[in-house]
Structures are given as structure tokens and as C-alpha cells.
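Please keep the sequence and the model side by side while reading.

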Amino acid sequence: MERLSTFIITPPDGTRYHFGSIAEDSFKAVERSGIPDEAFFPSAWYLRKVESHDGNYKIILNYEEEQYVLQNRRAKSAPERSYAGVGLGQPGDISRTEFYGMRLTQISTPTDTIDFIASSSNRMDIEANWLNQFNAKSLQFIEHRTGDYC
């Protein structure tokens, strides 16, 4: 089944905001999330390019795939239920949602580049999962470069 992988928003001023895929490359910046061993669905489309109304100016945003898991314990008072045939478990069970997302790596214009350099250590706000499959990295530093265009 074909899913929405790109779209453009154009407000009245004519600026174009490109989400998902762009013509400059084949990378699809679409996050997928879901319950392990069940279906995964698109859950976020990342901004890839901002372009002026006349196409003379643009900002490109580049990403790298990054996977992570969020785990939550269901409330003890939550009733057992299911959604679209997927059992959501018993109260007190651990609920896992896997995210196949993106990490911003670079913002570039014709004259400037900003790089977001990942650390070798994992993010502290996301618990490492027990298999150590998914390790979202923390941000180590941001580097700004500008060209010599004189």
C-alpha cells in the first residue's frame, strides 16, 4: 500500500515548506511508530526544505535515521481494551512503542552550514531498551561554518 511520503505547504506569502522527500535526494524523512510485532504507521513528516516564493533562496534540513523505544506502564485502573484488533494489555503491563525516527544532522543554505554533531553517549531522556537495539544519541555540539563568498 502506498502511503503519503511527501507534501508541500504554501502559505499566502508563497514560501514553500517541503516535508518528507525532496527532489534533491531520495531520503524519506518520515517517522514511523508502532507497537512491536504489530503494524507501524507514519507518525511524523520532517521539514526538509524551505524555499522562497521565487525559488531563489532555500534552506535544506538533513536528517539521519534514529530508532528508539518508549516504555510506559499502563495505569492500574485502566480497563482492558483493544484498538483496531490490537490488544492493549492488562492494567500494570508495560507498553512499548518503537519509533523509527530522525535526528537533525545539518541545516544548510547557499552560504552557511550548521552541523549537529551526535555524541557517542545515549540520550538520557530515553531509557535504553533491554536488547540495546535502539540507542538514540545525545547532541555533543553544534558547528557553524560560513563560506567565503566575496
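The sections below go from the basis of the model to the overall fold and then to the salt bridges.

## Basis of the model

The model is predicted, with local features requiring pLDDT of at least 70 and side-chain atom pairs counted only at pLDDT 80 or more, while totals for chains, interfaces and linings use all residues. Residues are numbered from 1 along each chain as its sequence is written, and side-chain values rest on heavy atoms, with hydrogens and water left out.

## Overall fold

The protein contains 11 strands and zero helices, where helices (H or I, at least four residues) and strands (E, at least two) are DSSP runs numbered from the N terminus. Among contacts (heavy atoms within 4.5 Å) between residues at least 6 apart in sequence, 56% join residues at least 24 apart.

Of the 150 residues, 31% count as buried; buried means under 20% relative accessible area, exposed over 50%, and partly exposed in between, with a 1.4 Å probe and protein chains only. The protein exposes about 10,000 Å², of which carbon and sulfur atoms supply 53%, the accessible areas coming from the Shrake-Rupley method with a 1.4 Å probe and, for residues, with only the protein chains shown counting as cover.

The structure holds five salt bridges, each defined as a side-chain nitrogen of Lys or Arg within 4 Å of a carboxyl oxygen of Asp or Glu. One of them joins the side chains of glutamate 51 and arginine 16, at 3.4 Å from N to O. Because glutamate 51 lies in strand β5 (residues 47-51) and arginine 16 in strand β2 (residues 16-20), the pair ties together parts that are 35 residues apart in sequence. Glutamate 51 is buried, with a relative accessible area of 13%, whereas arginine 16 is partly exposed, at 23%.

## Bridges around arginine 145

Arginine 145 meets aspartate 115 in a salt bridge of 2.2 Å, N to O. Aspartate 115 belongs to strand β10 (residues 112-122) and arginine 145 to strand β11 (residues 137-146), so this pair ties together parts 30 residues apart in sequence. Aspartate 115 is buried, with a relative accessible area of 9%, while arginine 145 is partly exposed, at 39%.

Arginine 145 also forms a salt bridge with glutamate 143, the closest N and O atoms being 3.3 Å apart; glutamate 143 is partly exposed, with a relative accessible area of 33%.

## A linked network

Salt bridges also link Glu64, Glu66 and Arg103 in a network.
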